Amino acid sequence: MKIEKDHVVRLHYTVSEAGGEAIESSRESEPLAVLIGHNAIIPGLEAALIGREAGETFDVTVAPDQAYGERRPGLVQRIPRKHFKNQKLAVGMQIVVPTQMGPRPVTVEKIGLSVVDVDLNHPMAGKSLSFNVEVVDVREATAEEKDHGHVHGEGGVEH
């Protein structure tokens, strides 16, 4: 069965920054289960899966505009130090800060006596990502999975 919209795909992947060391891999755990066509994974990886079948292994490099987007300089913000209470901070550290739109992960850019500069860009923004992918299996999504927009059962949401 070829992968297309509204199919559930279970896959193993290893991702690295193009030309770099592996950042993350599913190979030592359960395969990732995704519902194709429902924004479950970055667009470039999803596009590379279309038309493939169970058992296929392939490599693909995804440009920033098809991954986590380009870096946006305007997303670096200065936050008063008091909002971090007694939390120990270090440059490069990723933390979650409360915002008006709920918790948001940020990267600490600079630490001052009274303010902290944080970057709200995704840590992989502006980077090309290389994936090595193994398609484990493919099946048609159930009506409930399509309605809910995510995988149920093995590797998915249990509810």
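**Salt bridges and nonpolar cores**

Glutamate 145 and arginine 139 are joined by a salt bridge through their side chains, with an N to O distance of 2.8 Å. The model that shows this pair is predicted. Eight salt bridges are found when the whole structure is searched, and the nonpolar residues include a largest core of 22 members.

- A salt bridge connects glutamate 17 to lysine 127, and their closest N and O atoms lie 3.5 Å apart.
- This pair links distant parts of the chain, since its members are 110 residues apart.
- Glutamate 17 belongs to strand β1 (residues 7-17), while lysine 127 sits in the loop between β8 (115-119) and β9 (129-140).
- Both partners are partly exposed: the relative accessible area is 34% for glutamate 17 and 25% for lysine 127.

**The pair arginine 52 and glutamate 56**

- Arginine 52 and glutamate 56 form a salt bridge between their side chains, at 3.3 Å from N to O.
- Arginine 52 is partly exposed, at 23% relative accessibility, and glutamate 56 is likewise partly exposed, with a relative accessible area of 26%.

**The largest nonpolar core**

- Within the largest nonpolar core, which has 22 residues, Leu49 and Phe131 have the most contacts.
- Two or more residues of this core come from each of β1, α1 (43-49), β4 (57-62) and β9.
- Strand β9 gives the most to this core, contributing five residues.
- Beyond its neighbours within four places in sequence, leucine 49 is in contact with Ile3, Leu11, Ile36, Ile41, Phe58, Val133 and Val135.

**A separate core**

- Another core, made up of eleven residues, lies apart from the largest one.
- Its members include Phe84, Ile95, Val97 and Leu120.

Terms used
Residues numbered from 1 in each chain as written. Predicted model: local features only at pLDDT ≥ 70, side-chain atom pairs only at ≥ 80, totals over all residues. Heavy atoms only, no water. Salt bridge = Lys/Arg side-chain N within 4 Å of Asp/Glu carboxyl O. Helix = DSSP H or I, 4+ residues; strand = E, 2+ residues; numbered from the N terminus. Buried < 20%, exposed > 50% of the residue type's maximum accessible area, 1.4 Å probe, protein only. Core = buried A, V, L, I, M, F, W, Y, C linked by side-chain atoms within 4.5 Å. Contact = heavy atoms within 4.5 Å.
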